[in-house]
Amino acid sequence: RSAGIIGAPFSKGQSRGGVETGPDKIRAAGLVDRLQQQGCAVKDYGNLTFEDIVPDEPVRGSRRVRAVGSANQRLSEAVQAVKKDGHTAVMLGGDHSLAMGSIHGHAAAVGPLSVVWVDAHADVNTPLTSYTGNLHGQPMSYLLYELQSKVPALPNFSWMKPCVSSQDLVYIGLRDVDPAEHHILKLLGVKAFSMSEVDQLGVARVMEETCDYLWDRAKKPIHLSYDIDAIDPSVTPATGTPVVGGLTYREGLYITEHLCQTGLLSAVDLVEVNALRGRTEADVHSTVSTAVDLLLGCFGRLREGNHLPDYSLP
Ligand code: DIR
Ligand code: MN
Ligand code: MN
Ligand code: MN
């Protein structure tokens, strides 16, 4: 396995500055070295640069639409290039609007995907249902085939075509879902393990059922879109929209370990790390180091211990 890392220092899918420093904070915590130490080949493609689009007036109440559309087009092309080079794509955000470009590019390169969306939020608002006007709360509505008649055309989004079936999507960690989003999830019959199901079943069974459900039709490459706010804010407070009652560190990590073991993990997003939202240095450190640990879990790190295949006892 090899990792192809793309930094996406982009924050205009929401209103809080700081999330654009996520890629560099995660790298500065040693991501590349630690992946290499565990035997993973790494190519760091560096950070994307995004054009500042002015004016970028709200469209149907949603903000920075043109900037988000243009940034995601660039990201989609970058993810396609990483997949064509044969790597597991790692997209470091940035806010979660970036999942549009990441998933679009992944699907364009490899075909139909299974999507595992780990988040406190469902991010499936349309511009017409959003209370906030933030596009980071809307990416799934643009990606789902079944919602196309419900999402208006937006400027700088003409490149974007839906590429995910609602039957190929599983949510884990939900606990802050807007009424319209809840309606959509029920209408489409989307599989969702909210925090109630995590409490009821335990994370091991949640992951068994996730894989059984996704593989019922066909085994497809998996896109893991991991919003750091899925984890409890006692562990990952440095994020824009923390919600109490989240996944423990251990539950969050178990998700990555289980998906890695499937051998199907083909792209990972790690988004919404915002160093400016931590109250203390310890808050930021805990958030960033958890993000790194989740990524290491995606590439085979085991809590039982690890050694390289060529290790020989001295
Ligand atoms: C809210 C919050 N549902 C919205 N979404 C967030 O803005 O649509 N997503 N924070 O990560
Ligand atoms: Mn999200
Ligand atoms: Mn979220
Ligand atoms: Mn399984």
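Tutor: Start with two helices: helix 8 and helix 9 cross in a right-handed way. Keep in mind that the model is predicted.

Student: What angle and what distance describe the packing of helix 8 and helix 9?

Tutor: Two packed helices are described by the angle between their axes and the distance between the axes. For helix 8 (residues 203–215) and helix 9 (residues 249–261), the angle is about 35 degrees and the axes are 10 Å apart.

Student: Which residues make the contact between helix 8 and helix 9?

Tutor: Helix 8 contributes Val203, Ala204, Met207, Glu208 and Cys211. From helix 9 come Glu251, Tyr254, Ile255, His258 and Leu259. Contact means heavy atoms within 4.5 Å.

Student: Which residues coordinate the manganese ion (ligand 2), and at what distances?

Tutor: The donors are His96 (ND1), Asp119 (OD), Asp123 (OD) and Asp227 (OD), at 2.0 to 2.2 Å. A donor has to lie within 2.8 Å of the metal, so the distances of 2.0 to 2.2 Å qualify. Along the chain, these donors follow the spacing H-x22-D-x3-D-x103-D.

Student: Where do His96 and Asp119 lie?

Tutor: His96 is in the loop between strand 3 (88–93) and helix 4 (99–110). Asp119 is in the loop between strand 4 (114–118) and helix 5 (139–143). The two are 23 residues apart, and the pair links distant parts of the chain. Both His96 and Asp119 are buried.

Student: Which residue coordinates both the manganese ion (ligand 2) and the manganese ion (ligand 3)?

Tutor: Asp119 coordinates both, and the two ions are 3.2 Å apart.

Student: Why is the aromatic pair of Phe10 and Phe50 called edge-to-face?

Tutor: The ring centres are 5.4 Å apart, and the limit for a pair is 6.5 Å. The planes are 70 degrees apart; over 60 counts as edge-to-face, so the label applies. Phe10 lies in the loop between strand 1 (2–8) and helix 1 (22–28), and Phe50 in the loop between strand 2 (41–47) and helix 3 (65–84), so the pair ties together parts that are 40 residues apart in sequence.

Student: Why does Phe10 count as buried?

Tutor: Its relative accessibility is 4%. Buried means under 20%, so Phe10 qualifies.

Student: What makes the aromatic pair of Tyr142 and Phe157 tilted?

Tutor: The angle between the planes is 35 degrees, with 5.4 Å centre to centre. Stacked needs under 30 degrees and edge-to-face over 60, so this pair is tilted. Tyr142 is in helix 5, and Phe157 is in the loop between helix 5 and strand 5 (169–174), 15 residues apart.

Student: How do you know that the charged end of Lys219 sits over the ring of Trp215?

Tutor: The charged end is 4.1 Å from the ring centre. The rule asks for within 6 Å, and also within 35 degrees of the ring normal. Lys219 is listed as sitting over the ring.

Student: Is Arg64 buried, exposed or partly exposed, and why?

Tutor: Arg64 has a relative accessible area of 28%. This falls between the limits of 20% and 50%, so Arg64 is partly exposed. Arg64 also has a positive phi of about 55 degrees, although it is not a glycine.

Student: What about Ser225, buried or exposed?

Tutor: Ser225 is buried, because its relative accessible area is 0%, and it lies in strand 7 (residues 222–227). Among the residues it touches are His96 and Asp269.

Terms used
Residues are numbered from 1 along each chain as its sequence is written. Chains are lettered from A and ligands numbered from 1 in the order in which they are written. This is a predicted model: local features need pLDDT of at least 70, side-chain atom pairs count only at pLDDT 80 or more; totals for chains, interfaces and linings use all residues. Side-chain values use heavy atoms; hydrogens and water are left out. Helices (H or I, at least four residues) and strands (E, at least two) are DSSP runs, numbered from the N terminus. Buried means under 20% relative accessible area, exposed over 50%, partly exposed in between (1.4 Å probe, protein chains only). Rings of Phe, Tyr and Trp (its six-membered ring) pair if their centres lie within 6.5 Å; planes under 30 degrees apart count as stacked, over 60 as edge-to-face and the rest as tilted. Axes are lines fitted to C-alpha atoms, for helices over the stretch in contact, and angles run from 0 to 180 degrees between N-to-C directions. A crossing is left-handed if the near helix is turned anticlockwise from the far one by less than a right angle, and right-handed if clockwise. Lists of a residue's contacts leave out its neighbours within four places in sequence.
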